Amino acid sequence: MNELIKRAAEDLVKSKYAISLTGAGISTESGIPDFRGPSGIWTKNPDAERKAYERYDRFKRNPKEYWEERLSGPSLLGDLEKVLPNAGHDALAELESLGVLKCIVTQNIDNLHQRAGSKKVLDYHGNAFILRCFSCNARYDLKEFDIEELRRADQLPPVCKECGGVIKSDVVHFNEPIPSDVAGKSVEEAEICDLMLICGTSAVVFPFANLPRIAKVRSRTVLIEINAEPTPLTEEGISEYLIQGKTGHVLPNIVEEVKKLPSLP
Ligand code: NAD
């Protein structure tokens, strides 16, 4: 593994525009379960997966009921306010501050990249601390609405201050289209990058899993995976190499190797 860590550091330093794609695996070491790993939420509780697939339809059918359901029980991922970024998040933030990494496109909704200090983060599947207008895509900090108070006053769902549209969580539910602004910017990043560091994702959720395939079209783009297990990107030869291990171990080691190399940008 050490040789591959050195190789990744060299590839990163040589690159002109490196980006990272991240998935639930990078946050498991913060105590947030993933979906499809061995201890994943779907792996252990397939019924939770069925319910998650119904959430978007429920919102479209009856937004008030959707909000009441959200208030009625704990989130699948636990209390995201209480978790902290781990060494993997910190390492990606450091690569950005060193000028080596230009952007993170994450599937995670947990806000941990931002809390670790990463500046350019695209929340491909939304962010649990943000609300989004279903009509005009206006985003609001969760704290701008007192959802409990709206429930007490029988005024759910919340409505957009810009256009009066219905507000949902920014989190993209299954079968919900990716908001066009984030989808477009993410494709642009995949098209211009010359290195993609793909961390902690099973790469089976589409359209996110198209981003490495878009990057691959440019033959000189280097695609590196860091994951606990091989994925379809590994098996189909889309990634050039896999560093099999935990992101909280591999990424900080890559940062150390990057710092030893002479030609930082
Ligand atoms: P996934 O659950 O499908 O796959 C996670 C992958 O990461 C697996 O291959 C697993 O083996 C690997 N992994 C687990 N821990 C790891 C570690 N410490 N180091 C390296 N690899 C590790 O996750 P996904 O591909 O991101 O797709 C799941 C979907 O669910 C995403 O769309 C995401 O929005 C959502 N989700 C988000 C969170 C979060 O915000 N933290 C958590 C669970 C699910």
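Which residues point one way from β7, and which the other way? Leu195, Leu197 and Cys199 point one way, Met196 and Ile198 point the other way, and all are buried. Buried means under 20% relative accessible area, exposed means over 50%, and partly exposed is in between (1.4 Å probe, protein chains only).

## Basis of the model

This is a predicted model, in which local features need pLDDT of at least 70 and side-chain atom pairs count only at pLDDT 80 or more, while totals for chains, interfaces and linings use all residues. Residues are numbered from 1 along each chain as its sequence is written, and side-chain values use heavy atoms, with hydrogens and water left out.

Strand β7 covers residues 195–199. It is mostly covered, with 5 of its 5 residues buried. Helices (H or I, at least four residues) and strands (E, at least two) are DSSP runs, numbered from the N terminus.

β7 pairs with strand β1 (residues 18–22) in the parallel sense, over 5 bridges. Two strands pair if DSSP finds at least two bridges between them. In this pairing, Thr22 stands opposite Cys199 of β7. Strand β8 (residues 222–227) also runs parallel to β7, and 5 bridges join them. Here Leu197 stands opposite Ile224 in β8.

## The ligand site

A side-chain N or O atom of His125 is 2.6 Å from an oxygen atom of the ligand. Glu29 places a polar side-chain atom 2.8 Å from a ligand nitrogen atom. Gly200 contributes a polar backbone atom, 3.4 Å from an oxygen atom of the ligand. Taken alone, the ligand exposes 850 Å², and the protein buries 95% of that. These areas come from the Shrake-Rupley method with a 1.4 Å probe; for residues, only the protein chains shown count as cover.

## Backbone exceptions

Most residues other than glycine have a negative phi, and most peptide bonds are trans. The bond from Leu156 to Pro157 is cis, with omega near 0°. Pro157 sits in the loop between α7 (147–152) and β6 (167–169). Phe206 and Pro207 are also joined by a cis peptide bond, with omega about 10°. Pro207 lies in the loop between β7 and α9.

Asn111 has a positive phi, near 70°. Its place is in the loop between β2 (101–106) and α6 (112–116). Asn111 has a relative accessible area of 19%, so it is buried. Asn175 has a positive phi too, near 75°. Asn175 lies in the loop between β6 and α8 (180–192). Its relative accessibility is 60%, so Asn175 counts as exposed.

## Arg7 in helix α1

Arg7 is found in helix α1 (residues 2–14). Arg7 counts as partly exposed because its relative accessibility is 36%. Arg7 and Ile254 are 247 residues apart in sequence, yet 9.0 Å apart in space, C-alpha to C-alpha.

Conventions. Polar contact = N/O pair within 3.5 Å; in protein donor to acceptor, adjacent residues only side chain to side chain.
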